[in-house]
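Welcome! Take a look at the structure first, then read on.

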Amino acid sequence: MSSQCISCGSCGMPLIKASDFSGGDVTHKLCAWCGDSEDHLKVTMEEVVEDCAQGFIEKQGLDGEAARKMALKYVTSLPAWKGNENEL
Ligand SMILES: [Zn+2]
């Protein structure tokens, strides 16, 4: 049993239950929202950044612009999007 917390390689959501993983497969690297049953990305980076920014606005009370900047920085640090920060 590893004590390391597994999180989605695309959006950073913690993967705890089998149903959190794409396709319900615990060997996958993506969550059910980001990945299809074959663990391929089914979302765009734009969608992940938008969703993440929305979370910052709701949970931390940031304004839209600041939330988006933080989300972009966070999302591009994740394995699925690393090095893609100029794509938006
Ligand atoms: Zn995800």
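How are helix 1 and helix 2 oriented to each other? They are oblique to each other, a word for angles that are not under 35 degrees (roughly parallel), over 145 (roughly antiparallel) or 65 to 115 (roughly perpendicular). This is a predicted model, in which local features need pLDDT of at least 70 and side-chain atom pairs count only at pLDDT 80 or more, while totals for chains, interfaces and linings use all residues. Residues are numbered from 1 along each chain as its sequence is written.

**The two helices**

- Helix 1 covers residues 45–60 and helix 2 covers residues 64–75; helices are DSSP runs (H or I, at least four residues), numbered from the N terminus.
- Their axes come within 8 Å and cross at roughly 125 degrees, where axes are lines fitted to C-alpha atoms over the stretch in contact and angles run from 0 to 180 degrees between N-to-C directions.
- Helix 1 passes helix 2 in a right-handed crossing, meaning that the near helix is turned clockwise from the far one by less than a right angle.
- On the helix 1 side, the contact is made by M45, V48, V49, C52, A53, F56 and I57; on the helix 2 side, the residues include G64, A67 and R68. Two residues are in contact if their C-beta atoms, placed from the backbone, lie within 7 Å.
- By class, this contact has 13 nonpolar, 1 polar and 1 charged residues (nonpolar: Ala, Val, Leu, Ile, Met, Phe, Trp, Tyr, Cys and Pro; charged: Asp, Glu, Lys and Arg; polar: the others, Gly among them).

**The nonpolar core**

- The largest nonpolar core has 17 residues, and C31 and C52 touch the most other members. Such a core is a set of buried Ala, Val, Leu, Ile, Met, Phe, Trp, Tyr and Cys residues joined through C-beta atoms within 7 Å.
- Helix 1 gives the most to this core, with 4 residues.
- Leaving aside residues up to four places away in sequence, C31 touches C8, C11, M13, L15, D20, F21 and S22.

- I57, in helix 1, is partly exposed because it has 16 other C-beta atoms within 10 Å (buried: 20 or more; exposed: 12 or fewer; partly exposed: in between).
- S77 lies in the segment after helix 2 and counts as exposed, because it has 11 C-beta neighbours inside 10 Å.
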